Amino acid sequence: HGHRVSCIHVDVTDPNNQSGGVNGALVQQYNLKSYPTVKLVLDGKKVITLNSSVTYDSLQSFLKNCTKP
């Protein structure tokens with residue numbers, strides 16, 4: 001519906017991602033501790049976390065609700 005969504009994968013179990021590099025910065029910035037964690041960053045500012053099990057339907061509903069005008 002006119003929105004573009006980009007997804008990334010960050011392995012929080014990789015010790016290299018806990019302290020350095022781009023993934024390490026994301027782990028710390030968004031307080032990523034477990035898998036799976038789904039966060040939506042709107043306009044580079046607002047962070048919304050999916051508080052549900054990750055399924056096709058839950059992701060679809062999450063994105064639809066978060067991107068309502």
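Before the first residue, one term: when I say contact, I mean heavy atoms within 4.5 Å. The model on the screen is a predicted one.

With that cut-off, take serine 58. Leaving aside neighbours within four places in sequence, serine 58 is in contact with Leu50, Ser52 and Ser53. For Ser53 there is also a distance to quote: a polar atom of the serine 58 side chain lies 2.7 Å from the backbone oxygen of serine 53. Is serine 58 buried or exposed? Its relative accessible area is 12%, and the cut-off for buried is under 20%, so serine 58 counts as buried.

Serine 58 is part of helix H3, and that helix is next. Which residues of H3 are buried? They are Ser58, Phe62 and Cys66. Looking down the axis of H3, these buried residues fall within an arc of 55°, so they line one face of the helix. On the other side of H3, the exposed residues are Tyr56, Asp57 and Lys64. As for what the buried face meets, the buried residues of H3 pack against E1 and against strand E2, which covers 46-49.

Now the pocket. The general idea is that a probe the size of a water molecule, rolled over the atoms, shows where empty space is left. In this model the largest pocket comes out at a volume of about 840 Å³. How many residues line the largest pocket? There are 26, and those nearest its centre are Ser6, Cys7, Ile8, Val38 and Lys39. By class, the lining has 18 nonpolar residues, 6 polar and 2 charged.

Two of the elements I have already named come back here. Strand E1, residues 39-42, and helix H3, residues 56-66, each supply at least two residues of that lining. Which element gives the most to the lining? That is E1, with 4 residues. To tie this to the helix: E1 is also one of the strands that the buried residues of H3 pack against.

The last item is glycine 24, in helix H2, which spans residues 21-29. Glycine 24 has a relative accessibility of 2% and counts as buried. I also have one distance for glycine 24: its C-alpha atom and that of valine 10 are separated by 8.7 Å, and the two residues are 14 residues apart along the chain.

That is what I have; questions are welcome.

Technical notes: Residues numbered from 1 in each chain as written. Predicted model: local features only at pLDDT ≥ 70, side-chain atom pairs only at ≥ 80, totals over all residues. Heavy atoms only, no water. 1 Å grid on protein atoms, 1.4 Å probe; cavity = no way out; pocket = protein on both sides within 12 Å on 5 of 7 lines; lining within 4 Å. Points joined across faces, edges and corners; volume = space filled by probe spheres on them. Nonpolar A, V, L, I, M, F, W, Y, C, P; charged D, E, K, R; others polar. Buried < 20%, exposed > 50% of the residue type's maximum accessible area, 1.4 Å probe, protein only. Arc of directions from axis to C-beta. Polar contact = N/O pair within 3.5 Å; in protein donor to acceptor, adjacent residues only side chain to side chain.
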